[in-house]
Amino acid sequence: MSTLDRGPRQLAEAVLRALSLAVVDVPMPSALALFFDVLYEASFRTERGQPVLCSLLWQEPGAFRRTPSFSPDQLPLCGSYVAFTSPVPFGVGSVLNLAKVLDPQDAALAVWGGEGQTPHIHGLVNYGAGSSLSAPAEWEAQAGVCGSFRATILGPAHLSVDAGLDYPIELKRNTLRAHAQSPLRRGPLRDRLAAALRTLTPEVQAQLPPELAASSFLDAEAIPLKDGSVFRFEYDWAGSLEKLWITTLTRILLKIRENGGGGAVLITPQAAESPERERRLQVSYALEFSGLQTLLQQRGAFWMTQFIQAAKALSEQPRTVREMRPEELALPEPDPRTGPVGSDHEINQAIAFIASLSRMDGLLLLTPQLALQGFGALSVGEGGEKDVYLAGDDQATEANLSSVPAHAFGPRCFALLRQCSLDPEALGFFLTQDGDLRAMLQHEDKILVWDPVRLPRE
């Protein structure tokens with residue numbers, strides 16, 4: 001590697017600065033520089049003509065063996081750890097060999113290099129199917145327990161690092177990105193999605209058996225106990241279900257990126273047979289697939305069932321509040337990684353199926369509830385063009401908008417921009433073949449574009 005290539009070293013310096021803000025053991029600068037030099041070199045290699053993708057977790061070996069000290073809510077995030085009998089030397093060859101057998105979304109190489117030690121691979125970390133329901137950045141949310149940082153090879157000269165910040169630190173073709181917008185987290189794009197998902201609670205509640213759907217415990221804010229006291233609590237079902245759907249949308253976009261061919265996704269609440277949509281779009285392959293939507297509804301119904309059963313048991317508890325243990329007074333909160341038996345695998349399959357259809361030229365068409373309505377859609381509407389502006393922040397504040405020609409984005413992205421011009425309720429997501437993500441919508445008679453977009457830590 002050329003000594004003039006400063007990209008990996010700049011990434012190492014940025015990660016060191018980020019880690020200095022967290023309560024973690026900061027790696028030695030020399031070990032970290034070597035670590036990113038190796039990843040950068042490995043990123044240029046191919047396996048059967050495809051880029052090598054791999055995730056690596058920087059973590060001291062001993063921290064994984066102290067599992068009894070972990071609290072129960074930390075264990076799902078950490079996943080399972082399998083140690084090598086003997087440490088594997090860390091180098092381009094070993095990373096490439098192990099990358100062949102690991103899915104970077106579900107597993108990582110555990111790497112460590114302490115004072116006076118060169119980095120070595122001491123084991124494998126398997127996050128499991130349940131953990132893949134969360135955004136990848138959540139997996140190391142508790143720095144120092146599940147790892148000081150997590151690095152991922154996304155493609156040639158393309159590395160991404162989660163180091164405890166609100167956004168990943170990314171190196172792409174020697175350009176370091178340490179900031180970006182997250183419009184799915186807050187701002188007009190998140191607000192548009194949230195408004196379209198307001199019907200989730202009654203839709204999920206309709207999946208429950210009649211006796212549970214009518215339970216007063218589901219919407220109660222206080223539970224009277226047998227000893228005469230009242231247990232008060234607050235829970236936001238609408239917010240939890242909205243988060244589940246947006247997290248799943250995030251996973252679809254991540255899967256499209258992982259497939260490597262780019263894609264354009266149009267999300268619109270307009271019905272498949274609406275005359276308005278037919279005037280705008282010609283859907284080459286129209287269909288109705290609500291499998292993913294149904295699975296998510298089942299997961300939400302599972303959460304509600306658990307909650308109702310726990311609340312009912314608490315109301316019938318013969319002991320007083322003082323006699324009960326704290327865990328007996330805790331009502332279960334929805335966990336995006338838990339649901340009916342087998343649903344993790346089915347959700348993963350549905351996400352992979354939907355994402356695979358983005359390979360077709362044209363637009364992948366979804367409703368906000370993530371029902372698939374077709375793919376290969378082509379823009380046939382005329383007119384409706386509006387001024388296009390790049391947003392400088394999540395909120396798209398007026399002072400941070402900059403005008404840009406619509407044709408500057410290329411034909412496929414331009415078609416998505418036109419659909420947002422013609423459909424004021426639509427949202428658009430565009431992934432380039434290089435993995436860059438843009439988001440867009442019509443807002444106050446402008447077309448707003450966020451570029452690049454970072455997917456949220458939710």
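Axes here are lines fitted to C-alpha atoms, for helices over the stretch in contact, and the angles between their N-to-C directions run from 0 to 180 degrees. Helices (H or I, at least four residues) and strands (E, at least two) are DSSP runs numbered from the N terminus. The model is predicted, so that local features need pLDDT of at least 70 and side-chain atom pairs count only at pLDDT 80 or more, while totals for chains, interfaces and linings use all residues. Residues are numbered from 1 along each chain as its sequence is written, and side-chain values use heavy atoms, with hydrogens and water left out.

**View 1. Helices α1 and α2.** The axes of α1 (residues 7-19) and α2 (residues 29-43) come within 8 Å and cross at roughly 130°. That angle makes α1 oblique to α2, where angles under 35 degrees count as roughly parallel, over 145 as roughly antiparallel, 65 to 115 as roughly perpendicular and the rest as oblique. The crossing of α1 past α2 is right-handed; a crossing is right-handed if the near helix is turned clockwise from the far one by less than a right angle, and left-handed if anticlockwise. On the α1 side the contact (heavy atoms within 4.5 Å) is made by P8, R9, L11, A12, V15 and L16, and on the α2 side by P29, L32, A33, F36, D37 and Y40. These residues divide into ten nonpolar, no polar and two charged, with Ala, Val, Leu, Ile, Met, Phe, Trp, Tyr, Cys and Pro counted as nonpolar, Asp, Glu, Lys and Arg as charged, and the others, Gly among them, as polar.

**View 2. Helices α12 and α13.** Helix α12 (residues 291-315) and helix α13 (residues 343-356) have axes that come within 9 Å and cross at roughly 150°, and the two are therefore roughly antiparallel to each other. The crossing of α12 past α13 is left-handed. From α12, the residues L292, L295, L296 and R299 meet S343, D344, E346, I347, A350, I351 and I354 of α13. By class, this contact has seven nonpolar, one polar and three charged residues.

**View 3. Helices α10 and α13.** The axes of α10 (residues 237-259) and α13 come within 9 Å and cross at roughly 55°, which makes α10 oblique to α13. Helix α10 passes α13 in a right-handed crossing. Here T248, R251, I252, K255, I256 and N259 in α10 meet I347, N348, I351, A352, I354, A355 and S356 in α13. The contact of α10 with α13 has seven nonpolar, four polar and two charged residues.

**View 4. The nonpolar cores.** A nonpolar core is a set of buried Ala, Val, Leu, Ile, Met, Phe, Trp, Tyr and Cys residues joined through side-chain atoms within 4.5 Å, and buried means under 20% relative accessible area, exposed over 50% and partly exposed in between (1.4 Å probe, protein chains only). The largest core has 64 residues, and those with the most contacts inside it are L184, I223, W245, L253, L292, F429 and W450. Setting aside neighbours within four places in sequence, L253 is in contact with L184, V265, F429, L431, L437 and L455. A second, separate core of 40 residues includes L32, C54, L102 and I121.

**View 5. The loop residue L225.** L225 lies in the loop between β11 (222-224) and β12 (230-232), and at 9% relative accessibility L225 counts as buried. The C-alpha atoms of L225 and L314 are separated by 7.2 Å, although the two residues are 89 residues apart along the chain.
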